[in-house]
Amino acid sequence: MVIPMTRKHILVVEDEDKIARLLCDYLKEAGFRTSSQANGRRVIAQVKRELPDLILLDIMLPGKDGMALCREIRQFSDVPIIMITARVEEIDRLLGLELGADDYICKPFSPREVVARVKAIFRRVGAAPRAKQMVVGAISLDDETHRVIVDKKALNLTPSEFGLLKIMMRQPNRVFSRSELINRVQGYDFEGYDRTIDTHIKNLRKKIAQILPDQEIISTVYGVGYRFNETPD
Ligand code: CA
């Protein structure tokens, strides 16, 4: 028998058994594989073990809440995360918390809506695959050769600048906090201080602006961090 490994695996983190089962049923019906977890304390280990393709993450959980979990997962993984909250008013607050989630859904939700949101995220991720080569707008980045081409001209970047650009290009239009960027570029021999990040971003912008002077490719989001713009205004 051929095991359909191409089916995406979704981890449902939800302590209300009925909701968890309902979500899993609908997701399976839509062609996904699922697993679930009700205890916040067991989530990180399960994510590391199962490497899900997407996580549905309830906020109110026993053991550890969804916000803390989202931050923790972001320290080691880019996996898409959809946060589930019981209060619609909470979404604004959550957005300001720079958790690094990809989407938010409010209870009560229809399982159909959740499935639609999951599919939408996979379409987005699929459109910008984590391949060795990425092209976003006028910028193309090759992870193997460490070359960045902007409008057919090569950009001469330091390893830190390259690392930052790569992380942000993978998820255009998503806001990254400084601490998140620091954590993610550590593999690039980075001295992890907020001001160091600012300096690297400044230099990166300067280099890109030499080729694309009229476009804001990297925006500062005040009080939060930085964003790579897919379609510069
Ligand atoms: Ca809950």
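Biologist: What should I keep in mind about the model before we start?
Modeller: It's a predicted model, where local features need pLDDT of at least 70, side-chain atom pairs count only at pLDDT 80 or more, and totals for chains, interfaces and linings use all residues. Residues are numbered from 1 along each chain as its sequence is written, and side-chain values use heavy atoms, with hydrogens and water left out.

Biologist: How do you know where domain 1 and domain 2 lie?
Modeller: The bounds come from an automatic or database domain assignment. Domain 1 covers 4–126 and domain 2 covers 133–228. Their centres, taken over C-alpha atoms, are 28 Å apart.

Biologist: What makes residues of domain 1 and domain 2 count as in contact?
Modeller: Contact means heavy atoms within 4.5 Å. By that rule, 7 residues of domain 1 are in contact with 9 residues of domain 2. There's also buried area, the accessible area (1.4 Å probe) that two parts lose on being put together, summed over both. Between the two domains that is about 700 Å², with carbon and sulfur atoms giving 31%.

Biologist: Why is the pair Asp78 and Arg170 called a salt bridge?
Modeller: The term needs a side-chain nitrogen of Lys or Arg within 4 Å of a carboxyl oxygen of Asp or Glu. The closest N and O atoms of Asp78 and Arg170 are 3.2 Å apart, so the pair qualifies. The count between domain 1 and domain 2 is 1 salt bridge. On the side of domain 1 that touches domain 2, there are no nonpolar, 3 polar and 4 charged residues; here Asp, Glu, Lys and Arg count as charged, Ala, Val, Leu, Ile, Met, Phe, Trp, Tyr, Cys and Pro as nonpolar, and the others, Gly among them, as polar.

Biologist: What makes Asp15, Asp58 and Met60 donors of the calcium ion?
Modeller: Donors are N, O and S atoms within 2.8 Å of the metal (3.2 Å for Na, K and Ca), and water is not among the atoms, so sites may look incomplete. Asp15 (OD), Asp58 (OD) and Met60 (O) lie 2.1 to 2.3 Å from the ion, so they pass. Along the chain their spacing reads D-x42-D-x1-M. Asp15 sits in the loop between strand E1 (9–13) and helix H1 (17–29), while Asp58 is in strand E3 (residues 54–58), 43 residues apart. Those helices (H or I, at least four residues) and strands (E, at least two) are DSSP runs, numbered from the N terminus.

Biologist: Which backbone details involve Pro108 and Leu51?
Modeller: The peptide bond from Lys107 to Pro108 is cis, with omega near -5°. Pro108 is in the loop between strand E5 (103–106) and helix H5 (111–127). Leu51 has a positive phi of about 45° although it isn't a glycine, and Leu51 lies in the loop between helix H2 (43–50) and E3.

Biologist: What does Cys106 touch?
Modeller: Leaving out residues up to four places away in sequence, Cys106 touches Thr85, Ala86, Arg87, Val88 and Ile91. Cys106 itself is in strand E5.
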